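Subject: Structure handover and notes

Dear colleague,

Please find below the structure that I promised to pass on to you. My notes on it follow directly after.

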Amino acid sequence: MTAKPSVLNDLPADLDRQKLPHHVAVIMDGNGRWANHKGLPRIVGHQRGVDALKALLRCCKDWGIEALTAYAFSTENWGRPLTEVDFLMTLFERVLRRELQEMIAEGVCIRFIGDLSALPISLQEEIGRAMEATRESENIQFNVATNYGGRREILQACRAIAAQVKANQLNLEEIDEAIFEKHLYTAGLTNPDLLIRTSGELRVSNFLLWQVAYAEIYVTNTLWPDFDRHAFHQALSDYQNRHRRFGKL
Ligand code: IPE
Ligand code: IPE
Ligand code: MG
């Protein structure tokens, strides 16, 4: 099904291939401000944000990064004006339809994480099609967090586990981190090594609360639509100079 294209792999010479993060997570923030600064409507910022995400996905694939998780829409983003929310939902659907063939051709395995049941039905259908069509692809794992909230994810895991205990399918003592992770949207995925946030905000905004426990955090003032290969290269250089201790010495 997936024709594996020749990998470009033009990894910058100063980066150590052995020390690349396996999984990069990104809070794509600053679309609105990017547009404002240019005197454009916010939605143009979102459109340009899609281009930046596509470029980052390609870059991750070229450089041999195994997984990319992008925060596209939070459980709190429903609080924005209806016109913006509607625009975003339509944009997600349109982009997914437009990009699916290319993602298949490039061996991208796409997965949406979040409470997908609240999304417009037509978007849910497009998501289902894309996930099914790329299920076997193995060049890169691409996760899109849509109607995603870390607290909601943890709560629904608690509920599912409690139901198992109540039904005598699980003993209280058996509940450990491994069992818990099986009930998260990210079940089966490795936790991010590097969390990038653009636009300079120093917060996690309810993103992957459990999973980023030991992620290295990189914040740049660059606004998301301007986050290009060069900016990603800088993030990776910074990451490679960190000393990850995991609580040890
Ligand atoms: C991030 O950009 C995209 C989404 C949250 C959907 P913003 O829309 O938050 O842009 P700013 O933060 O207002 O500049
Ligand atoms: C986080 O950005 C959500 C996404 C990038 C999808 P926000 O713009 O919603 O975050 P806050 O409101 O600045 O915390
Ligand atoms: Mg924002």
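To begin with the charged side chains, Glu 102 and Arg 58 meet in a salt bridge with an N to O distance of 2.8 Å, a salt bridge being a side-chain nitrogen of Lys or Arg within 4 Å of a carboxyl oxygen of Asp or Glu. This pair links distant parts of the chain, 44 residues apart, with Glu 102 in helix H3 (residues 82-105) and Arg 58 in helix H2; helices are DSSP runs of H or I with at least four residues, strands are runs of E with at least two, and both are numbered from the N terminus. Glu 102 is partly exposed at 31% relative accessibility, and Arg 58 is partly exposed at 29%, where buried stands for under 20% relative accessible area, exposed for over 50%, and partly exposed for what lies in between (1.4 Å probe, protein chains only).

Before going on, please note that this is a predicted model, in which local features need pLDDT of at least 70 and side-chain atom pairs count only at pLDDT 80 or more, while totals for chains, interfaces and linings use all residues. Residues are numbered from 1 along each chain as its sequence is written, chains are lettered from A and ligands numbered from 1 in the order in which they are written, and side-chain values use heavy atoms, with hydrogens and water left out.

Glu 102 and Arg 58 also belong to a network of salt bridges that links Lys 54, Arg 58, Lys 61, Arg 98, Glu 99, Glu 102 and Glu 106, and the count for the model comes to 24 salt bridges. Side chains of opposite charge can pair when their charged atoms come close. Within helix H2 (residues 42-63), Arg 48 and Asp 51 lie three residues apart, about one turn of the helix, and their side chains form a salt bridge at 3.9 Å, N to O. Arg 48 is partly exposed, with a relative accessible area of 42%, and Asp 51 is likewise partly exposed, at 43%.

In helix H4 (residues 121-133), Glu 126 and Arg 129 are also three residues apart, and therefore separated by about one helical turn; they form a salt bridge whose closest N and O atoms are 3.2 Å apart. Here Glu 126 is buried, at 5% relative accessibility, whereas Arg 129 is partly exposed, at 47%. Helix H4 also holds Ile 127, which is buried with a relative accessible area of 3%. Leaving aside neighbours within four places in sequence, Ile 127 is in contact (heavy atoms within 4.5 Å) with Leu 96, Phe 112, Leu 116 and Leu 119.

Turning to the ligands, which residues surround ligand 1? They are Met 28, Asp 29, Gly 30, Asn 31, Gly 32, Arg 33, Arg 42, His 46, Ala 72, Asn 77, Arg 80 and Leu 88, a residue being listed if one of its heavy atoms lies within 4 Å of the ligand. As for polar contacts (pairs of N or O atoms within 3.5 Å; within protein, one must be able to donate a hydrogen and the other to accept it, and residues adjacent in sequence count only if both atoms are side-chain atoms), an oxygen atom of ligand 1 lies 2.8 Å from a polar side-chain atom of Asp 29, one lies 3.1 Å from a polar backbone atom of Asn 31, and one lies 2.7 Å from an N or O atom in the side chain of Arg 80. Taken alone, ligand 1 exposes 380 Å², of which the protein buries 86%; accessible areas come from the Shrake-Rupley method with a 1.4 Å probe, and for residues only the protein chains shown count as cover.

Asn 31 itself sits in helix H1 (residues 31-37) and is buried, at 11% relative accessible area. Beyond its neighbours within four places in sequence, Asn 31 is in contact with Arg 42, Gly 45, His 46, Gly 49, Trp 224 and Pro 225.

The residues around ligand 2 include Ile 27, Tyr 71, Phe 73, Arg 197, Arg 203 and Ser 205. Oxygen atoms of ligand 2 lie 3.1 Å from an N or O atom in the side chain of Asp 29, 2.9 Å from a polar side-chain atom of Asn 77, and 3.2 Å from an N or O atom in the side chain of Arg 80. The protein covers 79% of the 390 Å² of accessible area that ligand 2 has on its own.
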